[in-house]
Amino acid sequence: MDEIRGFDVLLMVAFHWFYVLGYLLEVPLGVTLFNFFRPAEPFFAGLFIVICGISCHLSRSNLKRGLLLAGVAVGLSAVMYLFMPEQMIWFGILHFLALAILVFVPLRRLVERIPPAAGIAVCLVLALLTWNLIGNTCRIGPGGALAAPLPDWMKAQVWLYPLGLGRGPGDAADYFPFFPWIFIFFIGCFIGVWAKAGSFPDFAYRRRVPFLSFVGRHALPIYLVHQPVFYGIGMGVKWLIGR
């Protein structure tokens with residue numbers, strides 16, 4: 001699992017570098033690569049969220065883990081508000097994961113009592129019904145004519161923005177609302193019941209690529225460090241070109 005998470009982190013790092021290359025350094029190839037891989041971003045993020053849900057059954061203290069992530073997320077938003085307001089993150093993936101883990105804490109015993117296959121099936125249906133809340137569509141339903149728009153009064157409530165039911169204070173560089181992503185997270189939680197019980201084949205528990213495993217175990221510091229480093233490199237190169 002650490003190796004899969006490590007591979008996912010490397011995909012995320014590459015995706016963010018394409019953004020810096022294309023939109024900060026104005027290299028056409030960067031724009032092309034960023035736009036090419038952009039449709040796959042929700043799948044990369046979804047895989048990361050599923051792994052986080054699995055890890056909840058293997059963590060020593062989910063409460064401590066959730067509070068730590070919450071502190072890091074709030075700190076990150078504060079720094080961006082002061083120094084990079086145009087890239088402000090109001091409720092990004094760290095905010096979501098912190099809230100999801102804290103929600104899991106009181107629900108853990110309930111999750112462990114539900115047959116994992118049934119739990120996964122229900123979460124898939126609920127994720128499908130709320131998937132169109134992502135972005136500016138703000139619709140509930142599987143899509144097309146079967147998706148109903150949220151009422152305007154609800155969309156006007158800024159405090160509902162973290163839930164995905166209201167519009168935020170502005171465009172966000174990173175937005176992962178509670179719905180539908182909480183159902184993706186709980187899919188991982190139900191898979192984690194199998195993982196903790198040792199129900200996977202033996203090969204799933206063996207380490208093969210130590211580098212990917214290392215990256216996966218240090219996903220949080222890599223996530224926090226790589227973007228400032230990329231932006232620093234980008235701004236430095238722009239300054240040199242200007243000189």
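Student: Which helix holds both Arg 5 and Asp 2?

Tutor: This is a predicted model, so keep that in mind throughout. The side chains of Arg 5 and Asp 2 meet in a salt bridge, 2.6 Å from N to O. The two residues sit three residues apart, about one turn of the helix. Both belong to helix 1 (residues 2-24).

Student: Is Arg 5 buried or exposed?

Tutor: The cut-off for buried is under 20% relative accessible area. Arg 5 has a relative accessible area of 15%, so the answer for Arg 5 is buried.

Student: How many salt bridges does the structure hold?

Tutor: Besides Arg 5 with Asp 2, there's Arg 108 with Glu 112, where the closest N and O atoms are 3.2 Å apart. Arg 108 and Glu 112 both lie in helix 5 (residues 93-113), four residues apart. Residues three or four places apart on an α-helix point the same way, because there are 3.6 residues a turn. The count for the structure is two.

Student: Which residues form the nonpolar patch on the surface?

Tutor: One of them is Leu 82, which lies in helix 4 (residues 62-83) and counts as exposed at 61% relative accessibility. Tyr 81 is exposed too, at 52%, while Trp 90 is partly exposed at 34%. Together the patch has about 600 Å² of accessible area. The members are Val 79, Tyr 81, Leu 82, Phe 83 and Trp 90.

Student: What kind of aromatic pair do Tyr 81 and Trp 90 make?

Tutor: The structure holds 15 aromatic pairs. For Tyr 81 and Trp 90, the ring centres are 6.5 Å apart and the planes meet at 65°. Planes over 60 degrees apart get one particular label, so this pair is edge-to-face.

Student: How many residues apart are Trp 131 and Trp 181?

Tutor: These two also form an edge-to-face pair, with 5.2 Å centre to centre and 65° between the planes. Trp 131 is partly exposed at 35% relative accessibility, whereas Trp 181 is buried at 3%. Trp 131 sits in the loop between helix 6 (116-130) and strand 1 (139-140), and Trp 181 is in helix 8, so the pair links distant parts of the chain. The separation is 50 residues.

Student: Which residues do ring pairs link into a cluster?

Tutor: A pair of rings is described by the distance of the centres and the angle of the planes. Here, ring pairs join several residues into one cluster. The members are Phe 15, Tyr 19, Tyr 23 and Phe 34.

Notes
Residues numbered from 1 in each chain as written. Predicted model: local features only at pLDDT ≥ 70, side-chain atom pairs only at ≥ 80, totals over all residues. Heavy atoms only, no water. Patch = residues over 30% accessible without salt bridge, like charges linked within 9 Å, V, L, I, M, F, W, Y side chains within 5 Å. Areas by Shrake-Rupley, 256 points an atom, 1.4 Å probe, with all protein chains shown as cover. Salt bridge = Lys/Arg side-chain N within 4 Å of Asp/Glu carboxyl O. Buried < 20%, exposed > 50% of the residue type's maximum accessible area, 1.4 Å probe, protein only. Phe/Tyr/Trp six-rings, centres within 6.5 Å; stacked < 30°, edge-to-face > 60°.
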